[in-house]
Amino acid sequence: MSLFDPLDHQRPLVEAAERLAEQVLRSRADEVDHTAEFPRHNFDELAKAGLLGMRIPQKWGGQGADIRTAVMVIERLARACGSTAMCFKMHCEAIEPLWRLANDEQVEAFVKPLAAGKLLATTAISEAGTGSHTWVMQSYATRAGDAYDLTEVHKGWVTSSGHADLYFTPILHDKTAGVGNYTAFMIEKAAVDWTIDGAWNGLGMRANASSPMTFRGQLKAHRHRLGDEGGWQKQVFPVFMPFSMITFAAVYLGIAEGAFAEAIGHVTGRTYGDTGSNLAKLDGIQRYIGEMRLSLDRTRAFVMAVAAQLDADGAADPRHLIETVCAADETALEVTRIAMNIGGGKSYAGANALGRYLRDAQAGSVMAPTDDMIKLRVGRISLGLPQF
Ligand SMILES: Cc1cc2nc3c(=O)[nH]c(=O)nc-3n(C[C@H](O)[C@H](O)[C@H](O)COP(=O)(O)OP(=O)(O)OC[C@H]3O[C@@H](n4cnc5c(N)ncnc54)[C@H](O)[C@@H]3O)c2cc1C
């Protein structure tokens, strides 16, 4: 038994994810990468398998999965299709603060339908003006009695833009308030006016529909606000951030694992005409395979240890949380680079999916928290300096 195998109570959902990854996601991953078409069909299948509500408690119709299970599910999906896994991860992280902070109206309106797989959610935090500095919001809503007017709400790179029904969004409610003094909302697409402000044509994660969006109209305080006005830092961020970080790591780990499997397939299948021997028999290639495996196992051990701590204690060291993201992305970048190298000209010319894995991994280094910002923050923490 491997150190990383799911435990008995984790197995049903992880195996369901493995089946879906192999039987549904993999068959269309190259096509949606090529056409940049949002993989709606995959989400219909994820809903049928009960995975869209995997973390929601069973009393509301969800699966009540622990964090390690969620990590393994997302990682298995990413092995087959990075785009679908990233959209799914954004859905899961967007609803994490919702089900944990929901009032009675929100449970009925959103949490139960989410558990039943009837709604898709996403995260809309980044803004074009502040980019990777995602702790700074400029979008603004004006309080109007028991509602909020969305006066200037422009979000950049909204994964699943237009396809999601719910958008988890921090917004300034007071233009004079300082950084971090935001109010979190679940913007209900059906209740507001919205526009997609540009096409998504990413280098990787091409099926993600990660376009900029503008929201206009009014949100109701009781129905759409998560926690208190100005409650972002104290109430919402503490339940959002750990889950968001560990599931970013899950996606990148899955991309690396998918590329590793693809590389094994290539080196065992590529036979030389003169000797009849294949690439896998060459010791230099065997060493590369070992190097990739080591990188994967090392990072997986770190990610699963932090996930286990989140399950056991409900919290983990914030430094470790951001480090999992960078460690997993750098593993994905390293593994896909080596895989492309041993994949030779055939892989470069598109004979297999390695190019897609390489481009998907590259998204990780510029998605907030970016690898640069993580290193900067870890350095500052280590030096006893303020992170921001
Ligand atoms: C595929 C994809 C999907 C996304 N999906 C979502 C989503 O669903 N929701 C969402 O909210 N956002 C999403 N984003 C946005 C993402 O999280 C970032 O906000 C965005 O990529 C920042 O881009 P930028 O060009 O503005 O970066 P910039 O802020 O211009 O940064 C450019 C580069 O400079 C580096 N840099 C910046 N400051 C420093 C510094 N002080 N020291 C060293 N280096 C620094 C950054 O790390 C980055 O590599 C997505 C992005 C991508 C690529």
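Two residues are said to be in contact if their C-beta atoms, placed from the backbone, lie within 7 Å. The model described here is a predicted one, in which local features need pLDDT of at least 70 and side-chain atom pairs count only at pLDDT 80 or more, while totals for chains, interfaces and linings use all residues. Residues are numbered from 1 along each chain as its sequence is written.

An automatic or database domain assignment divides the chain into domain 1 (11-120), domain 2 (122-232) and domain 3 (234-382). The C-alpha centres of domain 1 and domain 2 are 21 Å apart, and 25 residues of domain 1 are in contact with 22 residues of domain 2. On the side of domain 1 that touches domain 2, at least two residues come from each of α1 (11-35), α4 (82-101) and α5 (104-115). Of the elements on this side, α4 gives the most, with eleven residues.

Of the 388 residues, 48% count as buried, a label for residues with 20 or more other C-beta atoms, placed from the backbone, within 10 Å of their own. Along its principal axes, the C-alpha trace spans about 80 × 50 × 40 Å.

Technical notes: Helices (H or I, at least four residues) and strands (E, at least two) are DSSP runs, numbered from the N terminus. A residue is buried if 20 or more other C-beta atoms lie within 10 Å of its own, exposed if 12 or fewer, and partly exposed in between; C-beta atoms are placed from the backbone.
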